[in-house]
Amino acid sequence: MLIAGFPAGAWGTNCYLVAPAAGEECVIIDPGHQAAQGVEDALKKHRLKPVAVILTHGHIDHVASVVPVCGAHDVPAWIHPSDRYMMSDPEKGIGRSIGMPLMGELTVGEPDDVRELSDGTELKLAGLDLTVAHAPGHTKGSVAFKVPESADIPSVFFSGDLLFAGSIGRTDLPGGSMDDMLESLARVCLPLDDSTVVLSGHGSQTTIGQERATNPYLRQVADGQGTSFEAPRRGM
């Protein structure tokens, strides 16, 4: 499997292109702020043909380039229905003004073809099998994507802003909930094998085993306790 990722824009949001191999079809995960050119560069470098954009949640730092990317390649965008409104009204998703200088660089709205994700759905796209896990807490419509282990790589977990290396996504924006976040961590993350590679919405790659051992939030959830830690503010 080929995974090409890069951080994009003012928030350093990780955008990923995933394909069975170079020269084949791919899916694009979270083309955020100023990601369109990076997507085109990666498509050209690896000779990929996109068939869909899939979104972990609706915050503008993850969806800002959805319209130009989908339009350029005539592909649909998939998002959970609870977060769909943010594509057309991003300021409602963060509870404040984004700022006029930055707003001038954004393409707000929906692409022509929007499809909705639901928990447990198995997406068969570009020769890949991706399982959708609804994981509210950062937003009401946050999801993660799981790719099963194959002959050449361990399983991969695209966690969005649910789980980071050493931390979790913030819960203080509209639709966020620490209670929901802890429930999602317990239900979605803890059952994964330690070898599972975690590719998150911000920051570096990690594994479930590493986070189970060192991430204070995941450790507290695994122990059946709450947490008194405050999530750092990464991304939106």
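Helices here are DSSP runs of H or I with at least four residues, numbered from the N terminus. With that convention I located helix H7 at residues 178-189. I note at the outset that the model is predicted.

**Entry 1: glutamate 183 and arginine 187**

I looked up the pair within H7 and found that glutamate 183 and arginine 187 lie four residues apart in this helix, a separation of about one helical turn. The two side chains form a salt bridge, with the closest N and O atoms 3.0 Å apart. I then checked accessibility: glutamate 183 is partly exposed at 39%, and arginine 187 is partly exposed at 35%.

**Entry 2: other salt bridges**

How many salt bridges does a search of the whole structure find? I recorded eight. One of them joins arginine 115 to aspartate 113, where the closest N and O atoms are 2.8 Å apart. Arginine 115 has a relative accessible area of 37% and is partly exposed; aspartate 113 is also partly exposed, at 27%.

I next examined aspartate 129, which forms a salt bridge with lysine 124 at a closest N to O distance of 3.0 Å. Aspartate 129 has 40% relative accessibility and counts as partly exposed. Lysine 124 reaches 60%, and because exposed means over 50% relative accessible area, lysine 124 counts as exposed.

Which residues are linked in a network of salt bridges? I noted Arg84, Glu110 and Glu116.

**Entry 3: helices H1 and H3**

Two packed helices are described by the angle between their axes and the distance between the axes. On the H1 side, the residues in contact are Ala36, Val39, Glu40 and Leu43. On the H3 side, they are Val69, Ala72 and His73. By class, I recorded five nonpolar residues, one polar and one charged in this contact.

**Entry 4: the chain overall**

Of its 236 residues, 53% count as buried. The chain exposes about 9700 Å², and carbon and sulfur atoms supply 47% of that area. I also looked up the contacts with a separation of 6 or more: residues 24 or more positions apart account for 62% of them.

How values were computed
Residues are numbered from 1 along each chain as its sequence is written. This is a predicted model: local features need pLDDT of at least 70, side-chain atom pairs count only at pLDDT 80 or more; totals for chains, interfaces and linings use all residues. Side-chain values use heavy atoms; hydrogens and water are left out. Buried means under 20% relative accessible area, exposed over 50%, partly exposed in between (1.4 Å probe, protein chains only). Contact means heavy atoms within 4.5 Å. Accessible areas come from the Shrake-Rupley method with a 1.4 Å probe; for residues, only the protein chains shown count as cover. Helices (H or I, at least four residues) and strands (E, at least two) are DSSP runs, numbered from the N terminus. Ala, Val, Leu, Ile, Met, Phe, Trp, Tyr, Cys and Pro count as nonpolar, Asp, Glu, Lys and Arg as charged, and the others, Gly among them, as polar. A salt bridge is a side-chain nitrogen of Lys or Arg within 4 Å of a carboxyl oxygen of Asp or Glu.
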